[in-house]
Amino acid sequence: MLIIAASVPLGLRVPPVGLALGLLLVILGTGIGTLSYVLAIATKQNHVFAGVLQGISMPLMLLSGVLLPMDMAPTRLYALSRANPLSYVVEAERALLGGQLASGAVPVAFLVATAVAGAAVAGGMRSMRSLAA
């Protein structure tokens, strides 16, 4: 929200509906954070967790298209990005904030984000149960 608010005086114009849907999509994307907790419970050591998290999060970010749209990437990297759930969310966020509310990327991203969040919650519940046992 801070980045969007700071960008408005610089000329950013975001449709209110696109902003609301974009924020909802980010909230659904909190499944990635939940998966981080599951990983922390599984590793049980800070120094191991940090390395594993960095080894997973950097490729996910680079293959998501956050820094550069993946349709500009070589064919092999584009194919790898299709296996990355974050790439679908990034594409939908670009469409929503750009005013393309009818983009086909939007419903796909909501499905992917909901599936990741559901899997993360299920994995988190299982991890918490194993700690309690």
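Visitor: Which residues in α2 meet α6?
Guide: Contact means heavy atoms within 4.5 Å. Here G18, L19, L21, G22, L25 and V26 of α2 meet V89, A92, E93, L96 and L97 of α6. A word on sources: this is a predicted model, in which local features need pLDDT of at least 70, side-chain atom pairs count only at pLDDT 80 or more, and totals for chains, interfaces and linings use all residues. Residues are numbered from 1 along each chain as its sequence is written, and side-chain values use heavy atoms, leaving out hydrogens and water.

Visitor: How do the residues of the contact of α2 with α6 divide?
Guide: Ala, Val, Leu, Ile, Met, Phe, Trp, Tyr, Cys and Pro count as nonpolar, Asp, Glu, Lys and Arg as charged, and the others, Gly among them, as polar. For α2 with α6 that gives eight nonpolar, two polar and one charged.

Visitor: At what angle do the axes of α2 and α6 cross?
Guide: Axes are lines fitted to C-alpha atoms, for helices over the stretch in contact, and angles run from 0 to 180 degrees between N-to-C directions. Helix α2 (residues 16-28) and helix α6 (residues 85-97) cross at roughly 160°, and their axes come within 8 Å. The two are therefore roughly antiparallel to each other. The label follows cut-offs: under 35 degrees is roughly parallel, over 145 roughly antiparallel, 65 to 115 roughly perpendicular, the rest oblique.

Visitor: Is the crossing of α2 and α6 left-handed or right-handed?
Guide: A crossing is left-handed if the near helix is turned anticlockwise from the far one by less than a right angle, and right-handed if clockwise. For α2 and α6 it is left-handed.

Visitor: How many helices and strands does the protein have?
Guide: Both are DSSP runs, numbered from the N terminus: helices are H or I with at least four residues, strands E with at least two. This protein has seven helices and zero strands. From the N terminus the order is α-α-α-α-α-α-α. The C-alpha trace spans about 50 × 35 × 25 Å along its principal axes.

Visitor: At what angle do α3 and α7 pack?
Guide: The angle between α3 and helix α7 (residues 105-132) is about 25°, and their axes are 8 Å apart. So α3 and α7 are roughly parallel to each other. Their crossing is left-handed. From α3 come G31, I32, T34, L35, V38 and I41; from α7 come V116, A117, A120, V121, G123, G124, S127, M128 and L131. By class, 10 are nonpolar, five polar and none charged.

Visitor: And at what angle do the axes of α3 and α4 cross?
Guide: Helix α3 (residues 31-43) and helix α4 (residues 46-62) cross at roughly 140°, with axes that come within 9 Å. That makes α3 oblique to α4. Here α3 passes α4 in a right-handed crossing. S36, L39, A40 and T43 of α3 make the contact with V48, F49, V52, L53 and I56 of α4. Seven of these residues are nonpolar, two polar and none charged.

Visitor: Which residues is L39 in contact with?
Guide: L39 lies in helix α3. Leaving aside neighbours within four places in sequence, L39 contacts F49, V52, L53 and I56.

Visitor: Which ring does the charged end of R82 sit over?
Guide: A charge sits over a ring if NZ of Lys or CZ of Arg is within 6 Å of the ring centre and within 35 degrees of the ring normal. The charged end of R82 sits over the ring of Y88, 4.8 Å from its centre.
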